[in-house]
Amino acid sequence: RIGNLMNRTETAQLVTTIYAHHHAQASEVDVNLFFNELDPDMSIRDAMEAVRCFYAENTTGRWMGSGDVNAAVRRMIRKRIPDDATITRLIIKYDIPSERQLEFVRRLVRQSAKGISFDAAVSSAVKVIEAKEGDR
């Protein structure tokens, strides 16, 4: 899987954590299933946080599956991404030229989705645009 942030060892940690909640032992088959079913760009940090939240609120005894992990991480990532109004305010505040706005937004969203702090994501996106404007 190209671009996968979680390797098999980390996937095994994740699956072992899930199985531990049910006093069960994960097999290599279980690890391989999860490895092949998890979103390829997921970080171990996000996946473990998703598991923690799931089991902190789980009162039914239901097992967390790979689809549950994927959905929980997607929700976490969506919450990190600034809304349109915030992005518009940043474009105005930093006077991002119209021909660079899409690049700015993409970089800001990508950095935010990775879990980088909002201020650091903004700073990174602005610096890239400033550097490219300086090269003109």
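By class, the second largest pocket is lined by seven nonpolar residues, no polar ones and two charged ones. Here Ala, Val, Leu, Ile, Met, Phe, Trp, Tyr, Cys and Pro count as nonpolar, Asp, Glu, Lys and Arg as charged, and the others, Gly among them, as polar. Please keep in mind that this is a predicted model, in which local features need pLDDT of at least 70, side-chain atom pairs count only at pLDDT 80 or more, and totals for chains, interfaces and linings use all residues. Residues are numbered from 1 along each chain as its sequence is written, and side-chain values use heavy atoms, with hydrogens and water left out.

**The second largest pocket**
- The space in this second largest pocket is about 170 Å³ (a pocket is an open set of points on a 1 Å grid over the protein atoms alone, where a 1.4 Å probe fits, with protein on both sides within 12 Å along at least five of seven lines; lining residues have an atom within 4 Å of a point).
- A volume is the space filled by probe spheres set on the points, which are joined across faces, edges and corners.
- Its lining consists of Ala50, Cys53, Phe54, Met64, Asp68, Ala71, Ala72, Arg75 and Met76.
- Helix H3 (44–57) and H4 are the elements that give two or more residues to this lining (helices are DSSP runs of H or I with at least four residues, numbered from the N terminus).
- H4 gives the most to the lining of the second largest pocket, with five residues.

**The largest pocket**
- The largest pocket has a volume of about 240 Å³.
- Two or more residues of its lining come from each of helix H4 (66–80) and helix H6 (101–113).
- H4 gives the most here, with three residues.
- By class, this lining has five nonpolar, one polar and six charged residues.
- Among the lining residues are Leu5, Asp39, Val73, Arg74 and Lys114.

**Ser66**
- Ser66 sits in helix H4.
- Ser66 counts as buried because its relative accessibility is 9% (buried means under 20% relative accessible area, exposed over 50%, partly exposed in between, with a 1.4 Å probe and protein chains only).
- Not counting residues up to four places away in sequence, Ser66 touches Phe34, Glu37 and Leu38 (contact means heavy atoms within 4.5 Å).

**Ala24**
- Ala24 belongs to the loop between helix H1 (8–20) and helix H2 (28–37).
- With a relative accessible area of 33%, Ala24 is partly exposed.
- Leaving aside neighbours within four places in sequence, Ala24 is in contact with Tyr19 and Trp63.
- The C-alpha atoms of Ala24 and Phe35 are separated by 18 Å, and the two residues are 11 residues apart along the chain.
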